[in-house]
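Here is a short briefing to read alongside the sequence and the 3D view. Please keep both open as you go through the points below.

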Amino acid sequence: MLIPYPLSIFTLAAPLLAGWAYVRLGGLSSPMVRVPIRVAVLALLCVVPVLTRGPGPVQMTLGLLTGYLAIRIVAVSGRWRADGGTGRRPTARQIARALVSVEDVMRPMPPRDPATSAGRAKTALVLGAISAAACVALLVLGARIRLWEWSRYADALLVCLEVGIGVMGINNLIIGFAAVHGRSVSGIQDRPMLSASLGELWARRWNHLVENNLARAFFVPLGRRGAPALGMLAAFIASGVMHVMPVLASAPPALTLRPAAQVLGFFLLSGGLVLAERAAGLDPPARDLQPGAVTLARVRTIVLFVVLTPLMLGPFADVTGVHGRSLRPPAPAPAPAPWAGRDQNFKVRPAEP
């Protein structure tokens, strides 16, 4: 039996319990025992959103939060060894605080310009408000024109624009409110439009909240073991699972398996392209390129990102009902009545006896 909304909200306690168990299991001395049990804990955690039901936006939030916290569990567990790193095991409170921390977003950053803190705050807050208003306007416009009835891919490109503008607005608001209090923070993003390669976009500029945890959980540990390519693919697979969970939790499997596979395919394809860039030498730092080459690299990166992103955002738009979309196929139009279009005054004469 599925857990209905709003009771399903309480399943967000599951990642805290799983995090406590995952960290404590680090005290097991045998890797042959420790690793399979830890994997089982994470697998059970990933199943939790699928056991719930509710409105699409709620299911997407539950799935994304649970998936993110699963990645966060692996990332922060390295802080404590078997003895807790300081001679004692971490408490449940310490583990919970580490899981919900947003340190990657609030990390102090030196200001890029000599403007005053008040000036930075004002500019960022104004840009954030404008971006938020533009995002809302595009959502309303998309719901009116219902572009997906003509082309679902074109409509997903519109969703991509809305997400880009919306996230930029949130990022500016975070930076602006922090600047009001005299702090310069990294925010969620670092100007993704300036990415000269997909590797730079995903690893440094797109989403600090997720990318830093993926690096600590997968890329760095496997890189230290001499397998950086495997670490990169593991990070993309983990991110794919995180984004697949909201889709699987939103409707019965008959409706969700295909879009879930599409979302996972997007992350596998993105990871493959990052590795292909490195193999072809297309990911040098922007400072090592000539101005014209930097511009071409940035255009290539953004075009690839925009062309591929609808593979992920299309199913997300279906789940949340953006622009009136849905995972369920449209109901067939009712067949016209046999007398449709005939003279309404026509009367059937009774049969002769």
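Which residues does serine 186 touch, not counting residues up to four places away in sequence? They are Asp104, Val105, Met106, Arg107, Met109, Asn171, Ile175 and His208. Please bear in mind that this is a predicted model.

**Serine 186**

- You will find serine 186 in the loop between α6 (152–180) and α7 (198–205).
- With a relative accessibility of 7%, serine 186 counts as buried, because the cut-off for buried is under 20%.
- The side chain of serine 186 also reaches the backbone oxygen of valine 105, at 3.1 Å, and Val105 is one of the residues that serine 186 touches.

- Serine 8 sits in the loop between β1 and α1.
- Is serine 8 buried or exposed? Its relative accessibility is 0%, so serine 8 counts as buried.
- Leaving aside residues up to four places away in sequence, serine 8 touches Ile3, Thr52, Arg53 and Leu62.
- For leucine 62, the separation from serine 8 is 54 residues in sequence, while the C-alpha to C-alpha distance is 8.4 Å.

**Helices α3 and α8**

- Helix α3 covers residues 56–77 and helix α8 covers residues 208–224; their axes come within 8 Å and cross at roughly 45°.
- That angle is why α3 and α8 are described as oblique to each other.
- The crossing of these two helices, α3 and α8, is left-handed.
- On the α3 side, the contact involves Tyr68, Ile71, Arg72, Val74 and Ala75; on the α8 side, Leu209, Val210, Asn213, Leu214, Arg216, Ala217 and Phe218 take part.
- Sorted by class, the contact of α3 with α8 has nine nonpolar residues, one polar residue and two charged residues.

**Helices α7 and α11**

- At what angle do α7 and α11 pack? The angle is about 75°, and the axes of α7 and helix α11 (residues 291–308) are 9 Å apart.
- The two helices α7 and α11 are therefore roughly perpendicular to each other, as angles of 65 to 115 degrees count as such.
- Leu198, Leu201 and Trp202 of α7 make this contact with Thr301, Leu304 and Phe305 of α11.
- By class, the contact of α7 with α11 has five nonpolar residues, one polar residue and no charged residues.

**Backbone details to look at**

- As background, most residues other than glycine have a negative phi, and most peptide bonds are trans.
- The peptide bond from tyrosine 5 to proline 6 is cis, with omega near 10°.
- Proline 6 belongs to the loop between β1 (3–4) and α1 (14–24), and serine 8 lies in the loop between β1 and α1 too.
- Arginine 146 is not a glycine, yet its phi is positive, at about 45°. Look for arginine 146 in the loop between α5 (117–145) and α6.
- Arginine 146 has a relative accessible area of 30%, so it is partly exposed.
- Histidine 323, a residue other than glycine, has a positive phi near 65°. Histidine 323 lies in the segment after α12 (310–320).
- Is histidine 323 buried or exposed? Histidine 323 is buried, with a relative accessible area of 4%.

Key:
Residues are numbered from 1 along each chain as its sequence is written. This is a predicted model: local features need pLDDT of at least 70, side-chain atom pairs count only at pLDDT 80 or more; totals for chains, interfaces and linings use all residues. Side-chain values use heavy atoms; hydrogens and water are left out. Axes are lines fitted to C-alpha atoms, for helices over the stretch in contact, and angles run from 0 to 180 degrees between N-to-C directions. Helices (H or I, at least four residues) and strands (E, at least two) are DSSP runs, numbered from the N terminus. Angles under 35 degrees count as roughly parallel, over 145 as roughly antiparallel, 65 to 115 as roughly perpendicular and the rest as oblique. A crossing is left-handed if the near helix is turned anticlockwise from the far one by less than a right angle, and right-handed if clockwise. Contact means heavy atoms within 4.5 Å. Ala, Val, Leu, Ile, Met, Phe, Trp, Tyr, Cys and Pro count as nonpolar, Asp, Glu, Lys and Arg as charged, and the others, Gly among them, as polar. Buried means under 20% relative accessible area, exposed over 50%, partly exposed in between (1.4 Å probe, protein chains only). A polar contact is a pair of N or O atoms within 3.5 Å; within protein, one must be able to donate a hydrogen and the other to accept it, and residues adjacent in sequence count only if both atoms are side-chain atoms.
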